[in-house]
Amino acid sequence: MRVVVTGAAGFIGSHLCEALLEDGHEVVGVDCFTDYYPRRFKELNLLNARDQAKFEFIEADLRSDSLEPILSGCDAVVNEAATPGLLLSWDDFDRYQSTNLTAVKRLLDAAIAVGIGHFVQASTSSVYGADATGDEESHCLPVSPYGVTKLAAEHLLRAHSETADLPLTILRYFSIYGPRQRPDMAYRIFCERLLNNEPIVVFGDGLQSRSNTYVSDCVDATIAALHREPDGSVFNIGGGQEVELLHAIDILAGHLGVVPVLEHRPARRGDQRRTCADTTRARKELGWEPTVLPEEGLRAEVSWVRSSLGLD
Ligand SMILES: NC(=O)c1ccc[n+]([C@@H]2O[C@H](COP(=O)([O-])OP(=O)(O)OC[C@H]3O[C@@H](n4cnc5c(N)ncnc54)[C@H](O)[C@@H]3O)[C@@H](O)[C@H]2O)c1
(Lines give C-alpha, C1' and ligand atoms only; values in the text may rest on other atoms or scores of the structure.)
Protein backbone atom coordinates (compact mmCIF):
# COMPACT_ATOMS: atom_id res chain seq x y z
CA MET A 1 0.00 0.00 0.00
CA ARG A 2 1.00 3.62 -0.50
CA VAL A 3 -0.33 5.46 2.54
CA VAL A 4 -0.47 9.18 3.26
CA VAL A 5 0.02 9.95 6.96
CA THR A 6 -0.78 13.54 7.86
CA GLY A 7 0.68 14.88 11.10
CA ALA A 8 3.63 12.60 10.34
CA ALA A 9 6.03 14.63 12.49
CA GLY A 10 3.78 14.44 15.52
CA PHE A 11 3.78 12.02 18.44
CA ILE A 12 1.41 9.36 17.06
CA GLY A 13 1.92 10.08 13.35
CA SER A 14 5.69 9.51 13.53
CA HIS A 15 5.25 6.12 15.25
CA LEU A 16 2.60 5.17 12.70
CA CYS A 17 4.91 6.03 9.77
CA GLU A 18 7.66 3.83 11.20
CA ALA A 19 5.32 0.88 11.79
CA LEU A 20 3.89 1.11 8.26
CA LEU A 21 7.40 1.25 6.79
CA GLU A 22 8.40 -1.76 8.86
CA ASP A 23 5.43 -3.64 7.38
CA GLY A 24 6.81 -2.86 3.90
CA HIS A 25 4.37 -0.11 2.89
CA GLU A 26 5.27 3.11 1.09
CA VAL A 27 4.53 6.13 3.24
CA VAL A 28 4.03 9.76 2.28
CA GLY A 29 4.36 11.81 5.46
CA VAL A 30 2.81 15.28 5.52
CA ASP A 31 3.27 17.91 8.22
CA CYS A 32 3.58 21.69 8.42
CA PHE A 33 5.23 21.85 11.88
CA THR A 34 2.57 23.97 13.57
CA ASP A 35 3.93 25.92 16.53
CA TYR A 36 1.67 24.18 19.08
CA TYR A 37 5.00 22.79 20.31
CA PRO A 38 8.52 23.36 18.99
CA ARG A 39 9.60 22.13 15.59
CA ARG A 40 12.82 20.66 17.01
CA PHE A 41 10.84 17.94 18.81
CA LYS A 42 8.99 17.07 15.62
CA GLU A 43 12.22 16.93 13.58
CA LEU A 44 13.55 14.40 16.11
CA ASN A 45 10.33 12.38 15.79
CA LEU A 46 10.92 12.13 12.03
CA LEU A 47 14.56 11.03 12.15
CA ASN A 48 14.00 7.26 11.83
CA ALA A 49 11.42 7.50 9.07
CA ARG A 50 13.50 9.95 7.05
CA ASP A 51 16.21 7.28 6.80
CA GLN A 52 13.93 4.86 4.95
CA ALA A 53 13.86 4.59 1.17
CA LYS A 54 10.09 4.03 1.08
CA PHE A 55 9.40 7.24 3.03
CA GLU A 56 8.69 10.54 1.34
CA PHE A 57 8.21 13.63 3.46
CA ILE A 58 6.25 16.61 2.18
CA GLU A 59 6.16 19.81 4.21
CA ALA A 60 2.67 21.10 3.49
CA ASP A 61 -0.17 22.79 5.33
CA LEU A 62 -3.50 21.02 4.88
CA ARG A 63 -5.24 24.39 5.30
CA SER A 64 -3.67 26.07 2.31
CA ASP A 65 -1.47 23.88 0.12
CA SER A 66 -2.62 21.97 -2.91
CA LEU A 67 -3.45 18.45 -1.71
CA GLU A 68 -4.54 16.53 -4.81
CA PRO A 69 -0.96 16.15 -6.11
CA ILE A 70 0.08 14.74 -2.72
CA LEU A 71 -2.76 12.21 -2.54
CA SER A 72 -2.69 11.21 -6.18
CA GLY A 73 -1.60 7.58 -6.65
CA CYS A 74 -2.05 6.72 -2.96
CA ASP A 75 -4.30 3.96 -1.62
CA ALA A 76 -5.19 5.35 1.80
CA VAL A 77 -4.99 8.43 4.02
CA VAL A 78 -4.61 8.42 7.79
CA ASN A 79 -5.36 11.88 9.13
CA GLU A 80 -3.37 12.35 12.34
CA ALA A 81 -2.93 16.10 11.78
CA ALA A 82 -4.77 18.31 14.25
CA THR A 83 -4.27 20.75 17.06
CA PRO A 84 -4.63 18.52 20.11
CA GLY A 85 -4.94 19.42 23.79
CA LEU A 86 -7.99 21.04 25.25
CA LEU A 87 -6.67 23.97 27.31
CA LEU A 88 -5.65 26.24 24.46
CA SER A 89 -8.89 25.50 22.65
CA TRP A 90 -10.79 27.88 24.96
CA ASP A 91 -8.64 30.84 23.92
CA ASP A 92 -7.44 30.13 20.39
CA PHE A 93 -10.50 28.66 18.74
CA ASP A 94 -9.47 29.79 15.23
CA ARG A 95 -6.43 27.55 15.41
CA TYR A 96 -8.59 24.53 16.33
CA GLN A 97 -11.25 25.38 13.81
CA SER A 98 -8.74 25.71 10.98
CA THR A 99 -6.53 22.67 11.71
CA ASN A 100 -9.26 20.31 12.94
CA LEU A 101 -12.06 21.25 10.55
CA THR A 102 -11.04 23.36 7.54
CA ALA A 103 -8.01 21.12 7.02
CA VAL A 104 -10.21 18.00 7.17
CA LYS A 105 -12.60 19.49 4.61
CA ARG A 106 -9.75 20.23 2.20
CA LEU A 107 -8.23 16.78 2.74
CA LEU A 108 -11.62 15.16 2.14
CA ASP A 109 -12.22 17.07 -1.08
CA ALA A 110 -8.81 16.04 -2.37
CA ALA A 111 -9.33 12.41 -1.27
CA ILE A 112 -12.63 12.23 -3.13
CA ALA A 113 -11.21 13.94 -6.20
CA VAL A 114 -8.36 11.43 -6.57
CA GLY A 115 -10.47 8.40 -5.51
CA ILE A 116 -8.69 7.43 -2.28
CA GLY A 117 -9.62 3.87 -1.28
CA HIS A 118 -9.75 4.40 2.50
CA PHE A 119 -9.79 7.49 4.74
CA VAL A 120 -8.93 6.84 8.39
CA GLN A 121 -9.57 9.69 10.81
CA ALA A 122 -7.84 9.98 14.18
CA SER A 123 -10.57 11.17 16.51
CA THR A 124 -10.67 11.24 20.29
CA SER A 125 -12.48 10.14 23.45
CA SER A 126 -12.99 13.89 24.04
CA VAL A 127 -15.98 13.73 21.68
CA TYR A 128 -17.89 11.91 24.46
CA GLY A 129 -17.49 14.59 27.12
CA ALA A 130 -16.62 14.52 30.82
CA ASP A 131 -17.11 10.76 31.10
CA ALA A 132 -15.98 8.55 28.26
CA THR A 133 -16.94 5.15 29.56
CA GLY A 134 -19.46 3.66 27.15
CA ASP A 135 -19.38 2.11 23.72
CA GLU A 136 -19.31 3.90 20.36
CA GLU A 137 -23.09 4.47 20.41
CA SER A 138 -22.88 6.60 23.59
CA HIS A 139 -24.02 10.21 23.43
CA CYS A 140 -21.35 12.65 22.30
CA LEU A 141 -21.43 15.78 24.48
CA PRO A 142 -17.93 17.29 24.33
CA VAL A 143 -16.98 19.65 27.18
CA SER A 144 -14.15 21.49 25.40
CA PRO A 145 -13.90 23.39 22.12
CA TYR A 146 -11.22 20.85 21.12
CA GLY A 147 -13.75 18.02 21.52
CA VAL A 148 -16.33 20.04 19.60
CA THR A 149 -14.00 20.49 16.61
CA LYS A 150 -13.09 16.80 16.59
CA LEU A 151 -16.76 15.78 16.75
CA ALA A 152 -17.63 18.26 14.00
CA ALA A 153 -14.86 16.72 11.90
CA GLU A 154 -16.45 13.29 12.38
CA HIS A 155 -19.80 14.66 11.16
CA LEU A 156 -18.11 16.36 8.22
CA LEU A 157 -16.42 13.10 7.26
CA ARG A 158 -19.64 11.16 7.53
CA ALA A 159 -21.55 13.69 5.41
CA HIS A 160 -18.96 13.37 2.66
CA SER A 161 -18.54 9.64 2.92
CA GLU A 162 -22.27 9.03 2.63
CA THR A 163 -22.80 11.33 -0.35
CA ALA A 164 -19.62 10.67 -2.30
CA ASP A 165 -17.65 7.51 -2.72
CA LEU A 166 -15.29 7.81 0.25
CA PRO A 167 -14.65 4.65 2.27
CA LEU A 168 -14.21 5.81 5.88
CA THR A 169 -13.09 4.59 9.31
CA ILE A 170 -13.06 6.71 12.47
CA LEU A 171 -10.83 5.83 15.42
CA ARG A 172 -11.46 7.44 18.80
CA TYR A 173 -8.14 7.32 20.62
CA PHE A 174 -8.08 7.36 24.45
CA SER A 175 -5.11 9.21 26.09
CA ILE A 176 -2.07 7.96 24.24
CA TYR A 177 1.29 7.83 26.02
CA GLY A 178 4.81 6.50 25.54
CA PRO A 179 8.04 7.67 23.92
CA ARG A 180 7.72 11.00 22.01
CA GLN A 181 4.66 11.99 24.00
CA ARG A 182 3.87 15.67 23.34
CA PRO A 183 5.55 18.14 25.72
CA ASP A 184 2.15 19.47 26.86
CA MET A 185 0.92 16.03 28.00
CA ALA A 186 0.69 15.10 31.66
CA TYR A 187 2.97 12.06 31.96
CA ARG A 188 5.81 13.75 30.12
CA ILE A 189 5.47 16.87 32.28
CA PHE A 190 5.34 14.71 35.42
CA CYS A 191 8.54 12.84 34.44
CA GLU A 192 10.40 16.07 33.77
CA ARG A 193 9.24 17.61 37.07
CA LEU A 194 10.13 14.51 39.06
CA LEU A 195 13.58 14.47 37.49
CA ASN A 196 14.06 18.15 38.38
CA ASN A 197 12.77 17.69 41.95
CA GLU A 198 9.95 20.09 41.17
CA PRO A 199 6.41 19.77 42.55
CA ILE A 200 3.77 18.19 40.33
CA VAL A 201 0.66 20.29 39.93
CA VAL A 202 -2.46 18.13 40.29
CA PHE A 203 -5.65 19.72 39.01
CA GLY A 204 -8.67 18.50 40.97
CA ASP A 205 -8.52 15.67 43.50
CA GLY A 206 -6.19 13.49 41.42
CA LEU A 207 -8.76 10.70 41.34
CA GLN A 208 -9.68 11.41 37.74
CA SER A 209 -8.86 8.33 35.69
CA ARG A 210 -7.71 7.59 32.18
CA SER A 211 -7.89 4.59 29.92
CA ASN A 212 -4.27 5.14 28.93
CA THR A 213 -3.25 3.66 25.62
CA TYR A 214 0.38 2.84 24.90
CA VAL A 215 1.43 4.31 21.57
CA SER A 216 2.34 0.98 19.93
CA ASP A 217 -1.14 -0.36 20.80
CA CYS A 218 -2.66 2.74 19.21
CA VAL A 219 -0.55 2.27 16.09
CA ASP A 220 -1.39 -1.46 15.86
CA ALA A 221 -5.11 -0.62 16.03
CA THR A 222 -4.71 2.01 13.32
CA ILE A 223 -2.96 -0.44 11.02
CA ALA A 224 -5.57 -3.12 11.76
CA ALA A 225 -8.25 -0.59 10.77
CA LEU A 226 -6.38 0.22 7.55
CA HIS A 227 -6.46 -3.47 6.60
CA ARG A 228 -10.19 -3.87 7.28
CA GLU A 229 -12.76 -3.28 4.56
CA PRO A 230 -13.99 0.27 5.39
CA ASP A 231 -17.71 0.63 6.10
CA GLY A 232 -17.87 3.91 8.01
CA SER A 233 -17.37 2.24 11.39
CA VAL A 234 -16.26 4.10 14.51
CA PHE A 235 -13.93 2.33 16.95
CA ASN A 236 -12.87 3.16 20.49
CA ILE A 237 -9.13 2.58 20.79
CA GLY A 238 -8.06 2.50 24.42
CA GLY A 239 -5.80 0.72 26.85
CA GLY A 240 -7.13 -2.18 28.85
CA GLN A 241 -6.65 -0.66 32.29
CA GLU A 242 -8.04 2.49 33.85
CA VAL A 243 -5.47 4.40 35.94
CA GLU A 244 -6.14 7.21 38.40
CA LEU A 245 -3.87 10.21 38.07
CA LEU A 246 -2.35 9.86 41.55
CA HIS A 247 -1.59 6.20 40.87
CA ALA A 248 0.13 7.05 37.59
CA ILE A 249 2.29 9.59 39.43
CA ASP A 250 3.26 6.91 41.96
CA ILE A 251 4.24 4.52 39.17
CA LEU A 252 6.36 7.19 37.45
CA ALA A 253 8.01 8.22 40.72
CA GLY A 254 8.70 4.55 41.53
CA HIS A 255 10.42 4.02 38.17
CA LEU A 256 12.52 7.15 38.77
CA GLY A 257 13.25 6.27 42.40
CA VAL A 258 11.99 9.60 43.76
CA VAL A 259 9.26 10.75 46.14
CA PRO A 260 6.73 13.02 44.42
CA VAL A 261 5.78 16.40 45.87
CA LEU A 262 2.24 17.37 44.88
CA GLU A 263 0.65 20.78 44.59
CA HIS A 264 -3.16 20.64 44.37
CA ARG A 265 -5.09 23.20 42.31
CA PRO A 266 -8.76 23.36 41.28
CA ALA A 267 -9.86 21.22 38.34
CA ARG A 268 -9.51 22.87 34.95
CA ARG A 269 -12.39 23.82 32.74
CA GLY A 270 -13.22 21.04 30.29
CA ASP A 271 -11.07 18.33 31.90
CA GLN A 272 -12.49 14.85 31.53
CA ARG A 273 -13.32 13.09 34.79
CA ARG A 274 -13.21 9.49 33.71
CA THR A 275 -12.24 7.70 30.54
CA CYS A 276 -12.52 3.94 30.33
CA ALA A 277 -12.56 2.66 26.80
CA ASP A 278 -15.13 0.07 25.87
CA THR A 279 -13.15 -1.61 23.11
CA THR A 280 -15.50 -4.55 22.52
CA ARG A 281 -16.09 -3.51 18.90
CA ALA A 282 -12.40 -3.06 18.08
CA ARG A 283 -11.58 -6.42 19.65
CA LYS A 284 -14.29 -8.13 17.61
CA GLU A 285 -14.04 -6.31 14.28
CA LEU A 286 -10.35 -5.43 14.13
CA GLY A 287 -9.04 -8.51 15.94
CA TRP A 288 -7.08 -6.05 18.06
CA GLU A 289 -6.53 -5.71 21.77
CA PRO A 290 -4.22 -3.56 23.87
CA THR A 291 -1.15 -5.46 25.05
CA VAL A 292 0.94 -2.97 27.05
CA LEU A 293 0.02 -2.53 30.72
CA PRO A 294 0.50 0.84 32.45
CA GLU A 295 3.51 -0.28 34.58
CA GLU A 296 5.38 -1.40 31.48
CA GLY A 297 4.32 1.52 29.27
CA LEU A 298 5.17 4.14 31.87
CA ARG A 299 8.57 2.50 32.37
CA ALA A 300 9.22 2.90 28.64
CA GLU A 301 8.14 6.55 28.75
CA VAL A 302 10.38 7.25 31.75
CA SER A 303 13.32 5.68 30.01
CA TRP A 304 12.66 7.72 26.83
CA VAL A 305 12.34 10.99 28.80
CA ARG A 306 15.62 10.23 30.58
CA SER A 307 17.47 9.54 27.36
CA SER A 308 15.97 12.54 25.56
CA LEU A 309 17.29 14.71 28.40
CA GLY A 310 20.72 13.11 28.01
CA LEU A 311 20.52 11.36 31.39
CA ASP A 312 21.21 7.81 30.11
N1 LIG B 1 -2.10 12.07 21.99
C2 LIG B 1 -3.29 11.69 22.47
O3 LIG B 1 -3.44 11.27 23.64
C4 LIG B 1 -4.51 11.72 21.58
C5 LIG B 1 -5.74 11.28 22.11
C6 LIG B 1 -6.87 11.30 21.30
C7 LIG B 1 -6.78 11.73 19.99
N8 LIG B 1 -5.59 12.18 19.49
C9 LIG B 1 -5.56 12.64 18.10
O10 LIG B 1 -4.48 12.00 17.46
C11 LIG B 1 -3.90 12.84 16.47
C12 LIG B 1 -2.40 12.98 16.71
O13 LIG B 1 -2.18 13.54 18.00
P14 LIG B 1 -0.71 13.75 18.58
O15 LIG B 1 -0.81 13.63 20.06
O16 LIG B 1 0.26 12.91 17.82
O17 LIG B 1 -0.49 15.28 18.23
P18 LIG B 1 0.80 16.05 17.64
O19 LIG B 1 0.54 17.50 17.86
O20 LIG B 1 2.04 15.47 18.21
O21 LIG B 1 0.74 15.73 16.10
C22 LIG B 1 -0.10 16.43 15.20
C23 LIG B 1 0.77 16.89 14.02
O24 LIG B 1 -0.10 17.47 13.06
C25 LIG B 1 0.59 18.55 12.46
N26 LIG B 1 -0.41 19.45 11.88
C27 LIG B 1 -1.39 20.14 12.55
N28 LIG B 1 -2.11 20.88 11.69
C29 LIG B 1 -1.59 20.66 10.45
C30 LIG B 1 -1.91 21.15 9.15
N31 LIG B 1 -2.87 22.04 8.96
N32 LIG B 1 -1.18 20.71 8.10
C33 LIG B 1 -0.17 19.82 8.29
N34 LIG B 1 0.19 19.31 9.50
C35 LIG B 1 -0.52 19.74 10.57
C36 LIG B 1 1.38 19.18 13.59
O37 LIG B 1 2.48 19.94 13.14
C38 LIG B 1 1.80 17.95 14.40
O39 LIG B 1 3.10 17.52 14.04
C40 LIG B 1 -4.69 14.16 16.55
O41 LIG B 1 -5.68 14.13 15.57
C42 LIG B 1 -5.31 14.12 17.93
O43 LIG B 1 -6.51 14.86 17.96
C44 LIG B 1 -4.46 12.19 20.26
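Visitor: Which residues does the domain assignment give to domain 1 and to domain 2?
Guide: This is a predicted model, where local features need pLDDT of at least 70, side-chain atom pairs count only at pLDDT 80 or more, and totals for chains, interfaces and linings use all residues. Residues are numbered from 1 along each chain as its sequence is written. Domain bounds come from an automatic or database domain assignment. For the protein chain, that assignment gives domain 1 as 2–176 + 214–237 and domain 2 as 186–210 + 241–275 + 291–308.

Visitor: How many residues does the contact take from domain 1 and from domain 2?
Guide: The C-alpha centres of the two domains lie 26 Å apart. Two residues are in contact if their C-beta atoms, placed from the backbone, lie within 7 Å. The contact takes 16 residues from domain 1 and 11 residues from domain 2.

Visitor: Which elements each supply at least two residues of the side of domain 1 that touches domain 2?
Guide: By class, that side has eight nonpolar, six polar and two charged residues. Here Ala, Val, Leu, Ile, Met, Phe, Trp, Tyr, Cys and Pro count as nonpolar, Asp, Glu, Lys and Arg as charged, and the others, Gly among them, as polar. Helices (H or I, at least four residues) and strands (E, at least two) are DSSP runs, numbered from the N terminus. The elements are strand 6 (131–132) and helix 7 (215–227).

Visitor: How are helix 6 and helix 10 oriented to each other?
Guide: Axes are lines fitted to C-alpha atoms, for helices over the stretch in contact, and angles run from 0 to 180 degrees between N-to-C directions. Helix 6 (residues 186–195) and helix 10 (residues 294–308) pack at about 55°, with axes 10 Å apart. Angles under 35 degrees count as roughly parallel, over 145 as roughly antiparallel, 65 to 115 as roughly perpendicular and the rest as oblique. Helix 6 and helix 10 are therefore oblique.

Visitor: Which residues of helix 10 do those of helix 6 meet?
Guide: On the helix 6 side, the residues are Tyr187, Arg188, Cys191 and Glu192. The contact divides into five nonpolar, no polar and three charged residues. The partners in helix 10 are Leu298, Glu301, Val302 and Val305.

Visitor: How is helix 1 placed relative to helix 2?
Guide: Helix 1 and helix 2 (residues 39–50) have axes 9 Å apart and an angle of about 5°. That makes helix 1, relative to helix 2, roughly parallel.

Visitor: Which residues of helix 7 meet helix 1?
Guide: The axes of helix 1 and helix 7 come within 9 Å and cross at roughly 60°. Helix 1 contributes Ile12, His15, Leu16, Ala19 and Leu20. Those residues meet, in helix 7, Val215, Cys218, Val219, Thr222 and Ile223.

Visitor: Which element gives the largest share of the shell around the ligand?
Guide: The ligand is surrounded by 31 residues, the closest being Gly7, Gly10, Phe11, Ala82 and Thr124. A residue is near a molecule or strand if its C-beta atom, placed from the backbone, lies within 6 Å of it. Elements giving two or more residues are helix 1 (11–22), strand 2 (26–31), helix 4 (93–114) and strand 5 (118–124). The largest share, three residues, comes from helix 1.
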